[in-house]
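Reader: I'm new to this one. Could you show it to me and then let me ask how you know things?

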Amino acid sequence: MEHFTLTKTQDYWEKMARNFGIGTRDMESAGRQFAARAYAGRAYSSIKTQGERFKLFVDFIKERGLNKLEKVTAEVVRDYARDMLDRDLSPATMQNNLSAVNVILEEARGDNLCRVTAREVDLPSRTGVAREFKGNEEIDHASTKAQAIYGLAQTLGLRFEEASKLDLIRAERELDREFLHIEYGTKGGQSRDVPLTEQAREAISRAHEIAQAQGTRNLIEKDQTYRDHQRELYREGIRFHAGRHEYANQRYSELMHQRGIETQSPVLSDKPADQAWSAYLAEKSGLTQREAREIDREARFELSRELGHHREDVVSAYIGGQN
């Protein structure tokens, strides 16, 4: 009688059962196969694109220590969306990536329990233009470290990763300066200088106390990777990116004031929905619409630089559009 070892049988069935029985232990390969099922009937190039989008999600969850799709939860998908926000991907890219994850997971699971909508994680619309103010997160219930990160985002315009990796020993030493140099955790490795206000100095000092207590230069504990730190803080459910929205809207008002126009940002103003932003500014300032539009562009460009970009149109996702 032919004999099969128990170990071989267990390995075989484990392989067949993992990733919802697709027959592979590799999550990327499983994602491609589920994409082919979910998008059946579409062009090969379209299915390939969806598989590539899902691979980005697989890379993210692997860094979190997950090794099979069954371990993915809705909270993990929300964390992925927050991570995309923190990296300031284009609105269309974030929307497309999240859609691919939702569709492929639904095909794999046979239900929509892991589905996450763009609205619940505050992803910007595909147009990239904010229609409402997305700041003012309630953080009183949050941990001290979460509050510190939010404070750095709120007063310096930092992304979550930038706030987490900020060299607080150097920052504390340079509080008497006019600007703070941001270099760790930046998008594309592009460093920048941001203005130091009294509120920003206070936020830095609070964060520095936490780093001192745990014996580190930044807010990441010694025995943690960045992903471990991110996962721990994301678990609190705080919309850290809301702090960056607060910075952008407040700073735009300051930059316009410096240029002689007293106004709030488009999403916070009382501008009629059918009126162009430049016409609204011209009416408030007594300038021509062309002059007002140019001042607005100057302020937006400066704000985009402080946020770590170099295009004024990106600012529209935070403060609202120009039309």
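Author: Contact here means heavy atoms within 4.5 Å. This is a predicted model, where local features need pLDDT of at least 70, side-chain atom pairs count only at pLDDT 80 or more, and totals for chains, interfaces and linings use all residues. Residues are numbered from 1 along each chain as its sequence is written, and side-chain values use heavy atoms, with hydrogens and water left out.

Reader: Where is A248, and what makes it buried or exposed?

Author: A248 sits in helix α11, residues 241-258. Helices (H or I, at least four residues) and strands (E, at least two) are DSSP runs, numbered from the N terminus. Buried means under 20% relative accessible area, exposed over 50%, partly exposed in between, with a 1.4 Å probe and protein chains only. A248 has a relative accessible area of 0%, so A248 is buried. Its C-alpha atom is 7.8 Å from that of V315, a residue 67 places away along the chain.

Reader: What about Q95: buried or exposed, and how do you know?

Author: Q95 has a relative accessible area of 15%, so Q95 is buried too. Its place is in helix α5. Not counting residues up to four places away in sequence, Q95 touches A118, L123, P124, S125 and R126.

Reader: Why is helix α10 described as largely enclosed?

Author: Seven of the nine residues of α10, which covers 226-234, are buried, so the rest of the structure largely encloses this helix. The buried ones are Y226, R227, H229, Q230, R231, L233 and Y234. They pack against α3 (44-63), α4 (74-86), α6 (144-156) and α7 (160-165).

Reader: You mentioned α3 and α4. How are they placed relative to each other, and what is that arrangement called?

Author: Two packed helices are described by the angle between their axes and the distance between the axes. Axes are lines fitted to C-alpha atoms, for helices over the stretch in contact, and angles run from 0 to 180 degrees between N-to-C directions. For α3 and α4 the angle is about 105 degrees, with the axes 11 Å apart. That makes α3 roughly perpendicular to α4. As for the cut-offs, angles under 35 degrees count as roughly parallel, over 145 as roughly antiparallel, 65 to 115 as roughly perpendicular and the rest as oblique. On the α3 side, R53, L56, F57, F60 and I61 make the contact, and on the α4 side V76, V77, D79, Y80 and D83. By class, the residues of this contact are seven nonpolar, no polar and three charged. Ala, Val, Leu, Ile, Met, Phe, Trp, Tyr, Cys and Pro count as nonpolar, Asp, Glu, Lys and Arg as charged, and the others, Gly among them, as polar.

Reader: And what are α2 and α5 to each other?

Author: Helix α2 (residues 27-38) and α5 have axes that come within 9 Å and cross at roughly 90 degrees. They are therefore roughly perpendicular to each other. G31, F34, A35, R37 and A38 of α2 meet V103, I104, E107 and A108 of α5. The classes in this contact are six nonpolar, one polar and two charged residues.

Reader: How do you know that the length of α13 agrees with what a helix should span?

Author: The expected span is 1.5 Å times one less than the number of residues. For the 18 residues of α13 (289-306) that should give 26 Å, and the end C-alpha atoms are 26 Å apart, so the two agree. Its buried residues are A292, I295, D296, A299, R300, L303, S304 and E306. Their cover includes β2 (192-195), α11, α12 (277-285) and α14 (316-319).

Reader: What makes the phi of N19 and D122 worth a mention?

Author: Most residues other than glycine have a negative phi. N19 is not a glycine, yet its phi is positive, about 55 degrees. N19 is found in helix α1, residues 6-21, and at 0% relative accessibility it counts as buried. D122 isn't a glycine either, and its phi is positive at about 60 degrees. D122 lies in the loop between α5 (91-109) and α6, and at 19% relative accessibility D122 counts as buried.

Reader: How many helices and strands does the protein chain have, and how much of it is buried?

Author: The protein chain has 14 helices and two strands, and buried residues make up 50% of its 323 residues.
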